[in-house]
Amino acid sequence: MSTDITSAQPSAALADPTPGTAPRGPRGGRGARRGAQGRRWPSALSVVVLIVLLGLIAGPVATVFFGAFQSKAPGMPNNGFSLDAIEKVYASTAYVKSLVGTLLMSLAVAALSVVVGAVAAWVLARTDVRWRGLLELGVIIPLFMSPFVGAVAWSMLAAPHSGMINVNLRWMLHTDRTFVNITSIPGLTFVLLLYYVPYAYLLVSAALKNVDPSLEEASYMNGRGVIATALKVTLPVVRPSLAAAFFFVAVLATGVFAVPQVLNFNSFSPLAVGVYRSMTVFPSNPPVGAAIGTLMFWFTLAGIYFYRRSIRNGQRYVTIGARGTRPRLVRLGWKKWPVMGAFGLYGLLATVLPYAALALMSLTPYSITDFRKMSLGLDNFVSVATTPDVVHSFENSLWLGVLVPTIAVVLGLAVAYVVVRERGRLGAVVDYVSTFPIAVPGIVFATGIVWLYVRTPMYATLTLLVIALVGVYMPHASRFATTGLMQIDRSLEEAGRMSGAGKFRVIRTVSFPLVRPSLLSAWILLFVFSMREVNETVVIAGPNSRPLSVLAWDYVQAGSLREAAVVGLVLTLVMLAGVLIARFVLRVRLDSSNL
Amino acid sequence: MTTQASPEAQPGVAGTAARTPSGSALSVDDLRIRYGDVEAVKGISFSIEPGGFLTLLGPSGCGKSTTLRCIAGLEPAAGGTIKVGDQVVAGPGRAVPPEKRGINMVFQSYAVWPHMTVAKNVGYGLKGLPKQEVADRVEEVLELVGLASYARRYGTELSGGQQQRVALARAIVTRPKVLLFDEPLSNLDAALREQMRVELLELQRTVGITSVYVTHDQTEAMSMSDHVVLLRDGVIEQADGPRELYRRPRSEFAARFVGRADILPGRLDTSRRRLETATGIAVVGAEAAGDDVPLDAASAVFRSENVVVGEAAERCENRWDGTVERVAFLGSHLDVALEVGGASVRAELRIDSGVEPGQRVAVGVLAADVHFVPAAGL
């Protein structure tokens with residue numbers, strides 16, 4: 001760093017010779033350089049961060065919008081400006097059903113997830129239910145698993161014709177009824193619900209922990225019982241976080257296409273599936289895919305707007321109590337058994353059953369779901385798991401799992417530093433751009449990435465996957481780093497500056513070690529996310545850069561469920577190993593307090 | 001719940017830590033509270049007469065807030081009995097939930113619900129009453145705390161002092177049998193704290209609600225309550241009226257915690273009125289030491305403001321030669337450290353008393369201002 005930057009740093013603000021000017025206003029951009037009239041200039045760090053973010057995030061999104069106005073995929077010969085795709089998507093009725101269906105579906109999934117997640121959070125935070133740690137683990141664990149693999153498992157379990165539940169109940173009960181049908185609207189809702197409950201749980205649970213316990217105690221003191229207090233005080237106070245969870249899940253559910261595609265869902269065609277099919281299924285029409293992508297984008301953008309607004313409203317209500325009193329725990333009495341039963345049921349449906357089905361499937365030599373005809377053996381599993389395809393994909397997955405979280409976390413820390421510590425106008429822009437990817441459905445983002453890089457040597461390489469996933473997971477990394485950094489008293493860093501250390505030395509020697517716990521949590525979460533990712537990777541990966549998740553996807557598309565089960569299981573085992581190492585070797589806490 | 005709590009009752013002297021005198025508004029008997037293996041409150045007993053104002057005083061971690069929360073029903077008791085009026089609200093095999101105890105509480109953090117207006121906050125506890133009556137009572141109470149014009153504001157739009165009043169209004173509007181205060185003034189700045197202290201006391205006297213007040217601030221305890229229970233490590237150190245507590249603390253801890261005390265350890269002679277320190281300084285008291293004071297491990301206690309120097313010392317039964325060590329100017333008085341026969345004595349002197357460091361002076365204390373307590377065992 002050049003000397004003029006260091007000399008214009010906080011020391012200048014503190015040694016401000018003008019009397020009467022407050023050296024630090026409430027929005028004072030510390031670490032921001034002052035010009036002649038006291039105007040603050042953005043720091044070099046914030047400029048660099050913004051440029052990187054624009055390249056990673058804004059570039060691909062802009063490309064999608066560009067592509068929607070083309071006659072063919074960008075990068076193809078004989079390509080020109082055309083309004084055909086836009087007309088087809090926006091000005092005809094062809095996609096109305098998809099649009100309405102997608103929206104209703106995501107809103108329903110979001111509402112149900114919030115209800116289930118909020119009830120679970122309340123029970124774990126406010127009642128004397130037993131085995132709290134275990135129950136919480138049961139709720140969070142699906143976050144560390146792949147919804148895509150879960151969908152594969154559920155289609156083995158509950159497909160109308162060949163699903164294990166249907167096939168085996170038929171011969172046991174001597175009927176030919178179909179008991180469960182996972183390809184239906186309730187089926188899809190159910191599978192999505194299983195995997196989105198943890199998000200809602202974490203958001204609500206964090207809010208519940210921030211509520212000053214005396215707000216509830218005051219209600220008890222005024223003669224209201226448990227239920228009245230929960231509904232009249234607790235619920236309104238955490239309402240912003242319920243809204244935040246609702247919009248967050250709704251946005252995620254809008255963008256998911258792997259789950260409906262795997263479940264063979266055909267009641268209507270979700271928009272995300274429409275994008276995928278337009279891009280990859282013959283006769284492909286990439287501009288239409290891009291146009292559908294832009295259509296989804298408006299809705300997810302609205303969702304993110306409301307999400308951010310709810311988060312802001314939530315902060316208004318946060319009133320940290322004067323002392324660390326624990327909230328009064330409601331005695332459940334006999335009711336704790338049904339309550340624990342409900343948690344158990346969730347664990348069974350989200351975790352135990354799917355993985356039991358996967359394990360069973362990967363141990364059989366053929367795709368057979370009838371228990372009477374299965375011949376189980378570990379060599380069936382081993383023979384698939386050791387094929388060159390799987391071994392190669394395994395390698396690719398590991399590279400992704402190491403590189404993506406590492407780069408994203410470093411970048412996230414830089415973003416957080418700019419947003420939390422430097423603030424200013426550029427900080428606000430950085431903040432907004434860094435949360436932007438949540439609003440962009442994965443498949444849409446991936447399309448943009450492919451088109452942006454199609455003419456470069458990076459096309460279809462692992463490098464491109466890393467670039468794409470770093471962009472996609474930036475928001476998570478920066479959110480962790482931001483919360484971590486906000487909890488550190490700024491004077492700890494200022495003391496470093498006063499002792500003569502430059503900005504980067506302070507970040508390296510003070511800020512980083514103190515936020516390390518948050519960053520480790522972020523790292524492990526992103527490790528899991530990048531390992532299991534299919535929404536983007538399936539479009540971007542080339543034949544040599546396929547990670548395990550895409551390989552499993554390809555098996556599902558080819559109809560080889562058994563191979564898909566093996567790969568899904570391998571993937572899950574790798575993620576599990578990563579999480580266990582993080583938990584017990586690196587001592588990362590994986591619970592609602594820091595996820 | 002139809003009349004205010006016994007306005008005709010004498011707000012005043014409650015029984016000493018005696019067991020459950022009949023007719024008390026609140027009585028706590030041998031209360032024990034446990035956190036895991038740690039016993040935070042180790043068997044304390046006290047009671048308040050209707051309309052009385054009792055303060056639980058003590059340093060942080062002494063168990064005072066825990067005791068209060070246990071009376072409220074927000075913490076479970078591990079043993080002992082709590083009675084509100086004649087009703088046992090906590091006892092062996094019995095724990096009335098907090099909402100059914102007829103108690104209300106003013107919280108340290110005010111706990112004003114941010115999603116409700118002031119009027120809604122205050123009217124919250126009046127469920128089941130006709131709308132008009134709720135509105136009337138809310139208005140009446142808001143008038144009382146001087147917030148009538150703020151009824152439609154939201155809790156988060158108020159200043160700390162105003163939130164404090166909302167919390168107070170909300171707590172008295174239900175006409176509770178006992179009102180609990182959990183360090184309600186500790187989040188206010190000094191000037192506001194003093195003003196609120198006066199207002200709060202006036203209000204309590206007007207409404208006549210039996211009150212239990214928790215604080216670590218001896219000024220609050222002294223000026224507000226008619227009975228102070230001094231707690232230390234989960235046991236009662238002393239329970240007395242504020243004046244008695246100040247003038248006749250029964251232990252070195254009580255003497256040090258309330259006001260500033262000079263403490264000279266030594267041996268009592270058999271008259272139990274004369275103590276001699278290890279360095280041969282004699283201290284006489286007007287009254288003989290109590291039976292609980294061991295002869296060979298006693299301490300003489302007197303207040304810094306009762307120490308005089310120079311000519312004034314001539315009239316005192318206790319006269320020593322001393323040296324001025326340090327003089328600090330505190331505006332209203334001088335804080336002077338004196339060396340008396342190897343022991344250190346602090347004195348509060350008039351600012352015109354003209355003492356200088358190094359000066360040798362006569363130091364005096366009246367026998368009436370001296371009393372004896374057991375020496376703190378080490």
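Predicted model: local features only at pLDDT ≥ 70, side-chain atom pairs only at ≥ 80, totals over all residues.
1. Acidic patch, chain B. Four residues gather on the surface as a patch of negative charge: B:Asp136, B:Glu139, B:Glu140 and B:Glu143. One of them, B:Glu143, lies in helix α3 of chain B, which spans residues 131-145. B:Glu143 has 51% relative accessibility. The cut-off for exposed is over 50%, so B:Glu143 counts as exposed.

2. Nonpolar patch, chain A. A:Leu573, A:Leu576, A:Leu580, A:Ile581, A:Phe584, A:Val585 and A:Leu586 make up a nonpolar patch on the surface. Together they have about 690 Å² of accessible area.

3. A:Val585 within that patch. A:Val585 belongs to the nonpolar surface patch. Its place is in the segment after α25 (561-584) of chain A. A:Val585 counts as exposed because its relative accessibility is 59%.

4. B:Asp217, location and burial. Where does B:Asp217 sit in chain B? It is in the loop between β9 (210-215) and α6 (218-224). Is B:Asp217 buried or exposed? Its relative accessibility is 18%. Buried means under 20%, so B:Asp217 counts as buried.

5. B:Asp217, surroundings. Which residues does B:Asp217 contact, leaving aside its neighbours within four places in sequence? They are B:Leu57 and B:Arg193. B:Leu185 is 32 residues from B:Asp217 along the chain. The C-alpha atoms of B:Leu185 and B:Asp217 are separated by 9.6 Å.

Terms used. Residues numbered from 1 in each chain as written. Chains lettered and ligands numbered in written order. Heavy atoms only, no water. Patch = residues over 30% accessible without salt bridge, like charges linked within 9 Å, V, L, I, M, F, W, Y side chains within 5 Å. Areas by Shrake-Rupley, 256 points an atom, 1.4 Å probe, with all protein chains shown as cover. Salt bridge = Lys/Arg side-chain N within 4 Å of Asp/Glu carboxyl O. Lys, Arg positive; Asp, Glu negative; His and termini not counted. Charge placed at Lys NZ, Arg CZ, Asp CG, Glu CD. Helix = DSSP H or I, 4+ residues; strand = E, 2+ residues; numbered from the N terminus. Buried < 20%, exposed > 50% of the residue type's maximum accessible area, 1.4 Å probe, protein only. Contact = heavy atoms within 4.5 Å.
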